[in-house]
Number of protein chains: 2
Amino acid sequence: MFAKRIERLTSSLVRDILAAASRPGVISFAGGLPAEEALYRPDPAQLQSLQHCWQYGQTEGEPQLREAIAAEARALGIACDASQVLVLSGSQQGIDLVSKLFIEEGTRVLVEAPAYLAAVQSFRLFGADFLPVTVDPVTGPDAQSFKSALDSAQLAYLTPTFQNPSGYCYPAEQREHIAAAVDAAGVPLFEDDPYRELAFDGAAPQPIVGRLKNAPWVYQGSFSKTLAPGLRLGFLVAHPALVPHLTRLKQAADLHSNRLSQHLILQALQNGLHEHVAQILPVYRERRDAMADALTRHLGDLVSWQKPVGGLFFWVRFKQAVDTHALMRRALEAGVAIMPGDAFYTTTPEHSCLRLNFSHSSPAEIEEGMARLASLLR
Amino acid sequence: MFAKRIERLTSSLVRDILAAASRPGVISFAGGLPAEEALYRPDPAQLQSLQHCWQYGQTEGEPQLREAIAAEARALGIACDASQVLVLSGSQQGIDLVSKLFIEEGTRVLVEAPAYLAAVQSFRLFGADFLPVTVDPVTGPDAQSFKSALDSAQLAYLTPTFQNPSGYCYPAEQREHIAAAVDAAGVPLFEDDPYRELAFDGAAPQPIVGRLKNAPWVYQGSFSKTLAPGLRLGFLVAHPALVPHLTRLKQAADLHSNRLSQHLILQALQNGLHEHVAQILPVYRERRDAMADALTRHLGDLVSWQKPVGGLFFWVRFKQAVDTHALMRRALEAGVAIMPGDAFYTTTPEHSCLRLNFSHSSPAEIEEGMARLASLLR
């Protein structure tokens with residue numbers, strides 16, 4: 001009865017974990033939720049001033065918001081204008097649109113290993129074959145492996161800035177090399193950049209797409225991590241040749257994005273998004289440091305990890321093989337939600353890993369959750 | 001470079017018309033926009049009370065809103081509970097999700113002829129082959145044609161209530177016969193019902209899906225026509241066997257719908273959506289009657305049409321063949337936007353038709369626009 005792609009709709013393990021993680025009393029390191037304290041709450045006076053949000057709007061997005069996003073992108077070294085901007089109903093929608101544009105059964109997609117789970121799921125739904133490139137938590141992708149995967153790829157998907165889940169941030173030189181390789185191969189590059197603003201130890205290097213000379217590209221970002229995910233707003237900026245197709249795909253997907261959210265976020269951009277981010281960074285830095293301390297004290301001899309310089313996650317590798325799914329179930333019984341690392345791979349990984357989120361729990365909860373985890377492991 | 005489906009992304013004729021129609025000074029009969037006067041504008045005090053909209057939410061939608069939608073569906077004779085409800089980012093999203101669930105290259109889809117354009121475009125994008133069933137503006141679909149199309153269909157898509165574009169409303173007896181035929185064939189039925197509340201001469205019969213005994217079904221509705229399209233909110237209710245798949249597809253498409261819109265619409269439902277609709281119906285009825293009068297006076301000898309008992313459109317058939325695309329271009333030059341009828345067919349239609357929207361123009365604009373159209377045709 002169903003289309004064949006439905007067989008590829010991945011199991012609901014992650015949905016189940018996240019549902020369990022939201023139960024009262026559970027300390028959740030499983031999701032990627034912003035801190036409640038960090039959520040942007042629009043001023044009610046701003047809400048009252050919104051009087052042009054109720055009629056149908058343009059598929060591409062509100063013109064002023066597109067201008068503001070283009071200006072932000074140019075500040076990151078991406079030569080573009082507002083006509084290349086598409087406002088999205090969250091950056092998950094960008095993954096859906098790019099999947100529709102490029103991927104059918106057998107399309108070869110270069111992905112990082114580990115990679116962002118929900119992107120892999122969408123690519124798989126549309127029939128992708130994966131070309132995984134291992135991202136070492138310290139040195140990133142191996143240049144030779146990257147190049148040989150690129151040689152047979154039809155699309156490359158990268159999250160070079162504070163990657164989810166590994167936390168890795170590609171340095172400028174590596175970005176230059178990758179841009180040159182992508183240009184040489186002529187492969188479309190899809191760069192996903194939702195965590196850029198959450199930089200704890202200095203700004204990240206400029207995006208890879210701004211370093212390209214001729215390859216087609218899509219760059220996307222999100223307001224979910226800096227303002228409020230409930231508003232479901234993201235954006236993409238794309239090579240001019242891709243914009244008409246992406247716009248029609250967007251129209252077929254939901255006509256246009258919520259206009260109320262668009263105006264709220266435009267106001268936030270005009271009134272100082274970056275100031276808001278500057279206020280929330282100390283909250284995240286404190287939680288990151290609390291998790292680093294707790295990991296050292298409770299699990300220091302069992303795992304290795306890098307302190308993330310941005311983003312929302314620790315990527316923790318066990319020194320010996322561990323059944324992380326069994327651990328996940330036992331941890332849930334003990335009131336702690338964790339995410340097994342193999343969920344982020346398209347093939348069986350070499351190491352037993354966990355992804356641990358530090359943004360949604362207080363330092364005290366992080367300490368308590370880590371103590372419980374440690375007692376399960378000993 | 002692109003997936004093969006991109007070749008099936010239909011030309012942007014309609015987008016072009018709608019863009020031209022929004023130019024200042026153009027009288028637009030082309031789109032399907034609600035009257036500005038009819039748009040629901042939330043009370044600012046309500047907006048201020050919204051304090052739980054900023055974090056990530058559930059893919060399925062806000063629990064209270066799902067309960068309220070299930071109650072409305074039950075009142076229409078659809079046996080269901082809240083677990084069968086999925087909140088959508090506009091009902092266009094439901095078309096995308098149902099396309100993903102059922103349609104791949106060569107899937108045979110029964111559609112009305114004429115049919116809702118944006119649904120046909122989405123089905124085509126995913127590779128549908130169409131089985132069109134002619135809907136006569138007076139008698140609806142022929143029972144025998146419907147049955148024989150159903151015999152080879154893998155999905156049936158119907159808009160039985162104030163159909164866009166024909167305006168036809170299936171009577172109760174016809175709905176019963178169709179339900180029995182769908183049950184006998186075991187074909188999934190996708191019933192799209194965005195116009196139900198816009199009933200000018202009495203309520204429409206209960207939906208077809210509520211009359212099914214065993215066939216799988218998806219029923220969807222929209223708040224765009226009754227409240228405000230800018231909030232981009234619709235819903236679907238589905239057979240329990242389809243809900244888990246549709247939920248995962250929704251998650252892959254945009255994680256969840258805008259929470260601010262969900263709470264605003266929940267408040268509207270609690271505070272009297274039906275009272276709001278009762279207030280706007282006279283506006284629409286007056287405009288419909290104005291267009292009927294203007295059609296009679298200006299084009300009475302050239303066209304035939306039925307006065308629609310609901311919805312937003314007149315479906316106008318020329319007595320002699322007319323190049324409606326040439327007419328459209330000349331009309332635009334004269335400051336009137338119209339929609340050629342062939343856009344709503346999957347095959348070449350027998351008659352020259354136009355779809356004319358009456359909701360977005362004042363009675364004076366309707367009179368002026370129709371006079372200009374008539375002068376072009378004489």
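Modeller: Buried area is the accessible area, with a 1.4 Å probe, that two parts lose on being put together, summed over both. Keep that in mind for the two chains here, and remember that this is a predicted model.

Biologist: Fine. How much area do chain B and chain A bury between them?

Modeller: About 5900 Å², and 59% of it is on carbon and sulfur atoms. By residues, 68 of chain B are in contact with 68 of chain A.

Biologist: How do you know that the copies meet through the same surface?

Modeller: Look at which residues take part: 100% of the interface residues of chain B are also interface residues in chain A, so both copies use the same surface.

Biologist: And what makes the relation of the chains that of a two-fold axis?

Modeller: A rotation of 180° with 0.0 Å of shift along its axis puts chain B on chain A, with an RMSD of 0.0 Å. That is what a two-fold axis does. If you want to find the axis in the model, go to B:L47, the residue of chain B that comes closest, with its C-alpha at 3.4 Å.

Biologist: Now the contacts. Why is the pair B:D96 and A:K100 called a salt bridge?

Modeller: The cut-off is 4 Å between a Lys or Arg side-chain nitrogen and an Asp or Glu carboxyl oxygen. B:D96 and A:K100 have N and O at 2.6 Å, so the pair passes. The rule finds two salt bridges across the interface, and there are 34 residue pairs in polar contact between the chains. On chain B, the elements giving two or more residues to that side are α2, α4, α8 and α9. The largest share, eight residues, comes from α8(B).

Biologist: What are A:D96, A:K100, B:D96 and B:K100 linked in?

Modeller: A network of salt bridges. A:D96 sits in helix α4 of chain A, and its contacts beyond four places in sequence include B:D96, B:K100, B:A252 and B:A253.

Biologist: Is A:D96 buried or exposed, and how do you know?

Modeller: Buried means under 20% relative accessible area. A:D96 has 2%, so it counts as buried.

Biologist: What about B:T59: how do you know where it stands?

Modeller: Same test: at 8% relative accessible area, B:T59 is buried. B:T59 is in the loop between α2 and α3 of chain B, and its contacts include A:R15 from the other chain as well as B:T247, B:K250 and B:H256. B:T59 and B:H256 are 197 residues apart in sequence, yet their C-alphas are 4.2 Å apart. The side chain of B:T59 also reaches the backbone oxygen of B:L255 at 2.9 Å.

Biologist: Which salt bridge pair links distant parts of the chain?

Modeller: B:E37 with B:R287, at 3.1 Å from N to O. B:E37 is in the loop between β1 and α2, B:R287 in helix α9, and they are 250 residues apart.

Biologist: Why is B:E37 put in another class than B:R287?

Modeller: Exposed means over 50%, buried under 20%. B:E37 has 55% and is exposed, while B:R287 has 5% and is buried.

Biologist: What makes B:K307 and B:D289 partly exposed?

Modeller: That class lies between the two cut-offs. B:K307 has 42% and B:D289 has 26%, so both fall in it. Their closest N and O atoms are 3.1 Å apart, in a salt bridge. B:K307 is in the loop between β10 and β11 and B:D289 in helix α9, so the pair ties together parts that are 18 residues apart in sequence.

Biologist: Last one. How many disulfides does the structure hold, and how do you know?

Modeller: Zero, over all chains. A disulfide needs two cysteine sulfurs within 2.5 Å. The sulfur of A:C353 has its closest cysteine sulfur, in A:C169, at 19 Å, too far for a bond. For B:C53 the nearest cysteine sulfur, that of A:C53, is 15 Å away. A:C353 is buried at 4% relative accessible area, and B:C53 is buried at 1%.

Methods: Residues numbered from 1 in each chain as written. Chains lettered and ligands numbered in written order. Predicted model: local features only at pLDDT ≥ 70, side-chain atom pairs only at ≥ 80, totals over all residues. Heavy atoms only, no water. Least-squares fit on C-alpha atoms with pLDDT ≥ 70 in both. Contact = heavy atoms within 4.5 Å. Buried < 20%, exposed > 50% of the residue type's maximum accessible area, 1.4 Å probe, protein only. Polar contact = N/O pair within 3.5 Å; in protein donor to acceptor, adjacent residues only side chain to side chain. Helix = DSSP H or I, 4+ residues; strand = E, 2+ residues; numbered from the N terminus.
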